[in-house]
Amino acid sequence: MPTPMLALVSPPLLTAADVRIVERQWLTSHPDAPLMESAGAAAADLAGSLADDSGEPVLVLAGPGNNGGDALVAARRLTRQGCRVIVVSRADPARLPPDAARAWEAWRESGGAVLVDIPSAQRFSLVLDGLFGVGLTRDVTGADARWIAQVNDWDCPRLALDMPSGLDSDSGQIRGCALRADHTLTFLGLKPGLLTADGPDYAGTVLLDTLGVDAVAPAATAGIALTQLEKRHHLPARARNSHKGRYGHVGIIGGAAGMVGACLIAGRAALQQGAGSVTLGMLDERIVVDFGEPRLMFAVAENLLASPPSVLAVGPGLGQNPRAHALLEAALAAPCPLVLDADALNLLAGDHDLAKQATGRSHPILLTPHPGEAARLLGTTGAEIQANRVEFACRLAAQYRAHVALKGAGTVIAHPGGGYAINTSGGPWLAQAGSGDRLTGMLAALLGQGMAAGDALEAAVWLHGSDHAVMPSATT
């Protein structure tokens, strides 16, 4: 049975290349057990449960590849279940892949017809999208694009097989146009493109059916879906006989004139996330108390750097003047974990010497850019970053030898060793001023309490987007 994505703990992510490896391995070891029949059967079972009760037929859109073959198997099985089915396809049966060609022939032998266009004025109880699956590398045009536009305007349920047609399975980029599914049944493993960029808006509810081939998945897949916190993301339970000194002293540098709120937000978040104490090195030195959170301490920024705390965060409201530059240069030399956000990232992007200093640190460095900041760090454009968020997050992590959170829909968390995670919590409500400052404070607090850098970044991002404002202990 398909499994809801969020029921799984850190499931691996399969690229189009990974899927091809899995399929080859399966065919080698199970030559008499084609995956297409299993996929089509799972699709038919789910489609039967999702179709509305209007009594209208199910529309099956079948493309020219194996995704279309899955859809044809599903059509044949739905017919056996007593459903009326209309199959629409412009594929040339002589040019179909072998399994898809067999599915086409089986559909025709069962008495099924194949139309070359969607019947006008016909209503449907469900649309089963089998036009394009993983590995799409071109824009969708012509009749396929027209069908997708038609279907997106209808009010019946839409079920996509493996991927919504037109959505790149590796990047989540829309290839010309994409079908907006209510549900996506994906096979073998989750795909990165379902979880980041435009994927969350187009995939609907994602369900996974591994088709029983878990054991042959790639042994060292680089990516995971961060669906919930694992044990490694939890702090140990606090002993009753303890004091604030055991839970880290967080220093946050920023808060130039006109931007003091950013630093205050970060400091408040760090305290809420359990930091033992927090000191703000505000560039606007008129601010000496936060009446909303009087536990925050204040210090001249240079003095805070002269005696570094457990962890430093630099950037919220920092500005880009010469003093900000000098403070970042000093922070890069500090012997503690360092979180860089906002203007600290912009300063880093604009100065080769600072970038060289950052890559040579012996203590962890963590970067939390939005796409525009990531583009400046890598010397490209925000559009290029968004076109392949996973690739550029991993490139950024490698170039700066840093743990990176590329913020946005499906935040990509990349580690310098090459692994990455795509976060599944959060939503558009985070798109407002101060959201990134809060993440910076939360992350600094977890680092200050001793969590490993990569785990702290994953945990902070997930918590930031979840309903949980504070990290639960290992005993909760």
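This briefing covers the salt bridges of a predicted model. Local features need pLDDT of at least 70 and side-chain atom pairs count only at pLDDT 80 or more, whereas totals for chains, interfaces and linings use all residues. Side-chain values use heavy atoms, with hydrogens and water left out, and residues are numbered from 1 along each chain as its sequence is written. With a salt bridge taken as a side-chain nitrogen of Lys or Arg within 4 Å of a carboxyl oxygen of Asp or Glu, the count comes to 17.

**E458 and R232**
- E458 forms a salt bridge with R232, with 3.0 Å between the closest N and O atoms; E458 lies in helix 16 (residues 453-465) and R232 in the loop between strand 10 (223-226) and strand 11 (249-254), 226 residues apart, where helices (H or I, at least four residues) and strands (E, at least two) are DSSP runs numbered from the N terminus.
- E458 is buried at 3% relative accessible area, while R232 is partly exposed at 32% (buried means under 20%, exposed over 50%, partly exposed in between, with a 1.4 Å probe and protein chains only).
- Salt bridges that share partners join E230, R232, D455 and E458 into one network.

**E302 and R323**
- The side chains of E302 and R323 meet in a salt bridge of 2.9 Å, N to O, and the pair ties together helix 8 (residues 301-306), which holds E302, and helix 9 (residues 322-332), which holds R323, 21 residues apart in sequence.
- E302 is partly exposed at 35% relative accessible area, and R323 is partly exposed at 26%.

**R146 and D117**
- R146 and D117 form a salt bridge through their side chains at 3.3 Å, N to O, linking helix 5 (residues 142-153) to the loop between strand 5 (114-115) and strand 6 (126-130).
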